[in-house]
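Student: I'd like to go through this one label by label. Can we set each value against its cut-off?

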Amino acid sequence: MSTEKVMGPKSYFPSIEKKYGKPIEHWMNLLEATKSMKHMEAVNWLKAEHEIGHGHANALVAVYRQENGLS
């Protein structure tokens, strides 16, 4: 077991899962629909369509875009 502290956007993941009751994979799958959007467009989409708070939406989009080479 690693004792390394999670930093950056992924540090929000435990609270996202707790607050919204869905695994991070659920949100990453939903974000597939935003591949052609800019970062803030995807954040606003999550906020409007799924009632995700701004900080949580921003963290999800940042990780999704990084992991999919969509800087």
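Student: What makes glutamate 32 and lysine 35 a salt bridge?

Tutor: A salt bridge needs a side-chain nitrogen of Lys or Arg within 4 Å of a carboxyl oxygen of Asp or Glu. The closest N and O atoms of glutamate 32 and lysine 35 are 3.6 Å apart, so the pair gets the label. Keep in mind that this is a predicted model, where local features need pLDDT of at least 70, side-chain atom pairs count only at pLDDT 80 or more, and totals for chains, interfaces and linings use all residues. Residues are numbered from 1 along each chain as its sequence is written, and side-chain values use heavy atoms, with hydrogens and water left out.

Student: Why are glutamate 32 and lysine 35 called partly exposed?

Tutor: Buried is under 20% relative accessible area, exposed is over 50%, and partly exposed is in between (1.4 Å probe, protein chains only). Glutamate 32 comes out at 40% and lysine 35 at 41%, so both land in the middle class.

Student: How many salt bridges are there?

Tutor: The structure has 2. Lysine 10 also pairs with glutamate 67, with 3.2 Å between the closest N and O atoms. Lysine 10 sits in the segment before helix H1 (13–20) and glutamate 67 in helix H4 (residues 54–67), so this pair ties together parts that are 57 residues apart in sequence. Helices here are DSSP runs (H or I, at least four residues), numbered from the N terminus. Lysine 10 is partly exposed, at 37% relative accessibility.

Student: Why is H1 called oblique to H4?

Tutor: H1 and H4 pack at about 125°, with their axes 10 Å apart. Under 35 degrees would be roughly parallel, over 145 roughly antiparallel, 65 to 115 roughly perpendicular, and the rest is oblique. So H1 is oblique to H4. For the angle itself, axes are lines fitted to C-alpha atoms, for helices over the stretch in contact, and values run from 0 to 180 degrees between N-to-C directions.

Student: Which residues of H1 and H4 meet?

Tutor: With contact meaning heavy atoms within 4.5 Å, H1 brings Phe13, Ser15, Ile16, Lys19 and Tyr20, and H4 brings His56, Ala59, Leu60 and Val63. By class, this contact has 6 nonpolar, 2 polar and 1 charged residues. The classes work like this: Ala, Val, Leu, Ile, Met, Phe, Trp, Tyr, Cys and Pro are nonpolar, Asp, Glu, Lys and Arg are charged, and the others, Gly among them, are polar.

Student: What makes H3 oblique to H4?

Tutor: The H3 and H4 axes are 9 Å apart, at an angle of about 130°. That value is in neither the perpendicular nor the antiparallel range, so H3 is oblique to H4. The contact includes Met40, Val43 and Leu46 of H3, and Leu60, Val61 and Arg65 of H4. Its residues split into 8 nonpolar, 3 polar and 2 charged.

Student: How do you know whether isoleucine 24 is buried or exposed?

Tutor: Check its relative accessibility: at 10%, isoleucine 24 falls below the cut-off for buried, so buried is the label. Isoleucine 24 is in helix H2. Not counting residues up to four places away in sequence, isoleucine 24 touches Phe13, Ile16, Glu17 and Leu60.

Student: Where are threonine 34, alanine 33 and serine 36?

Tutor: Threonine 34 and alanine 33 are in the loop between H2 and H3, and so is serine 36.

Student: Why do their labels read as they do?

Tutor: Threonine 34 has a relative accessible area of 2%, so it is buried. Alanine 33, at 55%, is exposed, and serine 36 is exposed at 74%. Leaving aside neighbours within four places in sequence, threonine 34 is in contact with Ala42, Trp45 and Tyr64.

Student: What is noted about phi of glutamate 51?

Tutor: Its phi is near 55°, a positive value in a residue other than glycine. Most residues other than glycine have a negative phi. Glutamate 51 belongs to the loop between H3 and H4, and at 67% relative accessibility it counts as exposed.

Note on methods. Helices (H or I, at least four residues) and strands (E, at least two) are DSSP runs, numbered from the N terminus.
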